[in-house]
Amino acid sequence: NKDKYDYKHIFTHITKKIKSADLPITSLETIFYMKDDINDLNFPLKINNTPKELGDALAYAGFRLILHASPFSFNLKEKGIINTLNFWEANYPFIKILGISRNEQESENNYFIYKSGKINIGIINFSAFKSDKIRDEKKYMINFLSKENLGKIMEKIKNITDFNIVCINWGKKNGKFPDKKQINIAKKLADFGIDLIIGNYPYNVQPVSYIQSEKGNKALVFWSLGLLIGDTDKNKNY
């Protein structure tokens with residue numbers, strides 16, 4: 001059936017490990033193509049997007065937190081983000097979505113607090129990339145990293161969390177090591193009291209290290225977890 005896709009087989013060999021985690025998290029850089037709602041387009045498109053059936057596969061595999069902040073999140077404009085959020089809420093309300101929002105109120109509360117025993121862990125998702133496609137009045141639809149955006153969220157959660165994590169879309173696509181921009185961003189995140197930084201976007205797995213900010217704050221940084229699934233065959237390093 002050309003109108004139906006099934007991607008559950010992709011995760012066959014790792015589903016058991018995913019479901020064994022306390023909080024299985026993945027980053028999905030693209031938003032969903034919804035044929036029923038976008039009648040003038042035929043998938044696959046030349047711009048980055050994903051069939052909604054991949055969402056079914058992610059839920060089936062056991063992921064419970066999906067990170068959507070990326071430079072590709074606005075490729076189908078406002079409707080793409082709204083369709084994506086509507087899909088998750090209608091089909092998998094038990095999965096938490098971070099990084100994209102329908103309105104400013106959702107944007108201001110775009111964080112997740114995970115309770116592990118007596119410890120409250122704050123999780124925030126940002127994209128370090130600015131998108132030229134999105135109008136200024138719609139910037140809230142994607143969690144772009146800025147001092148203002150981070151400050152607003154940290155002000156809300158700093159008194160109720162014991163440990164804070166930022167998952168961030170950054171770096172160079174083919175980068176094997178963190179670049180200067182990543183390092184500067186990591187230091188600024190540490191200044192805000194972020195304890196753990198988890199990076200994605202580069203195809204390659206990058207090193208893991210501690211970084212210390214000018215204020216003396218330390219953060220553990222997974223500079224990039226690399227690409228797990230993608231549609232490119234041009235990069236041979238990951």
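A: Two strands pair if DSSP finds at least two bridges between them; strands (E, at least two residues) and helices (H or I, at least four residues) are DSSP runs, numbered from the N terminus. The model is a predicted one, in which local features need pLDDT of at least 70, side-chain atom pairs count only at pLDDT 80 or more, and totals for chains, interfaces and linings use all residues. Residues are numbered from 1 along each chain as its sequence is written, and side-chain values use heavy atoms, with hydrogens and water left out.

Strand E7 (residues 119-127) pairs with strand E8 (residues 163-169) in the parallel sense, over seven bridges. Within this pairing, Phe126 has Ile168 of E8 as its bridge partner. Both strands belong to an open sheet of six, ordered E6-E7-E8-E9-E11-E10, with mixed pairing. Strand E6 (112-116) and strand E10 (208-212) are the edge strands, each pairing on one side only.

Helix H5 (residues 147-157) packs on this sheet and touches E6, E7 and E8; contact means heavy atoms within 4.5 Å. The buried residues of H5 (under 20% relative accessible area, with exposed over 50% and partly exposed in between; 1.4 Å probe, protein chains only) are Leu150, Ile153, Met154 and Ile157. Seen down the helix axis, these buried residues fall within an arc of 100 degrees, so they line one face of H5; the arc is that of the directions from the helix axis to the C-beta atoms. On the other side of H5, Lys147, Glu148 and Glu155 are exposed. The buried residues of H5 pack against helix H4 (104-108), E6, E7, E8 and H6.

Note on methods: Axes are lines fitted to C-alpha atoms, for helices over the stretch in contact, and angles run from 0 to 180 degrees between N-to-C directions.
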